[in-house]
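Student: Could we go through this model together, one question at a time? I would like to see how each answer is reached.

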Amino acid sequence: RMGGLGVANWQIEDGFNIFINPAQLSNYKNEVNLELGTWAPPGGDVLTTHPFGGVNNDRVGAWGGMNSDVSYGTWGLYLGRPYSGPLTLMDATPPAASWFDLFYSTKGPVPMGFYLSYANQVVETSNGTDTADNSSELNLGAGAILMNGMLDVAVNLGMPDFECENNAACGSATGKIEGDAGINIALLGRYHVKHTGGKYLLTGRIMQADATMKGGGDTKLLTLNLDATCNSKPNADTLMIAGIGIAMTDGKVLDDDRSSLSLPVNVAVEHQTFKKVKTRVGLSKAIYTSTSTDVTTPGPPAATTTTDTVDGDAAAVSMGFGWAIADNLSLDAVINQDILFTGSYMVSGIPETLSTAMGLTYRMK
């Protein structure tokens, strides 16, 4: 559903919110989910192993899981969820997916949730003797829903690790490479403000990510995201979403100072087009993106070169539908791709960014 609308996890109230706040498991109980899709991994088409076997060089993968309400709370287990964590910052091929996500939430007026997840990626050289990439990350998280459902708060601790035995495959001329990163910390808060016919969702997220390698320069980035999104229902059949945000990053990449600023905006519509079918369309675009990098070369004399880049042409379009097959069974599908509004092409697709997915959701009675 969120893929068809092209929105971020915090911009809509949906069952997938359990992945930003495990306490949301108390609001989305007794579901079984299965998804099959062709994903476009970061950096294009790369060879990575998948928890369900084989490699995803054809970018086909499956993931799913379930959650269930029991007398002492709600638990959930998901396998193979597409990975999108801080390991993408490291000099490594990020995992295709997490091996597992394990959830638990309490009951009561102030639901609290906890989760544990693990992702691992192993890539070998063509002769199979040297490990070109061995990256993993363990995540611990907790969250709560406060003020009668008006406030989401969550914290995540990520513990990444990286090792490469084959220096050529990892782009190093100094032999074995090992990670020396600290704990990554992310804090998220989301406030729900009701208005006539819908809600405003005001979200703030801050993350300290460390991708430092042993014997290499520091790679530490601090990221701040602020977002305001309006979810509105002008009539019973239509949900309209409009959001604007600001994303700021500051820190070091291999000892070089780097900062960036982005102003993303997005609009989306979900419409009850037929009795049992909802159609969805979304457009997301950064109206302004700038990056500044200060590269210092050792002396004598030492010198610092500053590179500034301003870009705002790329956008993402998405389309999808949701089909209520039965009262407790639904099918969702999506196709999306990054596009450019430049040059002689009014709309031009960017290679290696097309992705599709279909998902089934069964709600246990």
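Student: Which residues are linked with R1 in a network of salt bridges?
Tutor: A salt bridge here is a side-chain nitrogen of Lys or Arg within 4 Å of a carboxyl oxygen of Asp or Glu. This is a predicted model, where local features need pLDDT of at least 70, side-chain atom pairs count only at pLDDT 80 or more, and totals for chains, interfaces and linings use all residues. Residues are numbered from 1 along each chain as its sequence is written, and side-chain values use heavy atoms, with hydrogens and water left out. The network joins R1 with D14, E270, R280 and D332.

Student: How many residues apart in sequence are the parts that R1 and D14 tie together?
Tutor: R1 and D14 form a salt bridge whose closest N and O atoms are 3.1 Å apart. R1 sits in the segment before α1 (2–5) and D14 in the loop between α1 and β1 (31–38), so the parts tied together are 13 residues apart in sequence. For these labels, helices (H or I, at least four residues) and strands (E, at least two) are DSSP runs, numbered from the N terminus.

Student: Is D14 buried or exposed?
Tutor: The classes rest on relative accessible area: buried is under 20%, exposed is over 50%, and partly exposed lies in between (1.4 Å probe, protein chains only). D14 has a relative accessible area of 16%, so D14 is buried.

Student: Which strand holds the salt-bridge partner of E13?
Tutor: The side chain of E13 meets that of K199 in a salt bridge, 2.9 Å from N to O. The pair links distant parts of the chain, 186 residues apart: E13 is in the loop between α1 and β1, and K199 is in strand β10 (residues 198–210).

Student: Which residue forms a salt bridge with D152?
Tutor: D152 lies in strand β7 and is buried because its relative accessibility is 2%. Its side chain has a polar contact of 2.9 Å with Q24 and another of 2.9 Å with H192; such a contact is a pair of N or O atoms within 3.5 Å, where within protein one must be able to donate a hydrogen and the other to accept it, and residues adjacent in sequence count only if both atoms are side-chain atoms. The salt bridge, with closest N and O atoms 3.0 Å apart, is with R190.

Student: Which residue has a side chain joined to that of Y78 by a polar contact of 3.0 Å?
Tutor: Y78 lies in strand β3 (residues 73–79), and with a relative accessible area of 2% it is buried. Leaving aside neighbours within four places in sequence, Y78 is in contact (heavy atoms within 4.5 Å) with residues including W63, G64, N67, W99 and F103. The side chain joined to that of Y78 at 3.0 Å belongs to N67.

Student: How many residues does the largest nonpolar core have?
Tutor: A nonpolar core is a set of buried Ala, Val, Leu, Ile, Met, Phe, Trp, Tyr and Cys residues joined through side-chain atoms within 4.5 Å. Among the members of the largest one are Y83, M90, F162, A211 and M213. M90 is in contact with F162, A211 and M213, among others. The core's residue count is nine.
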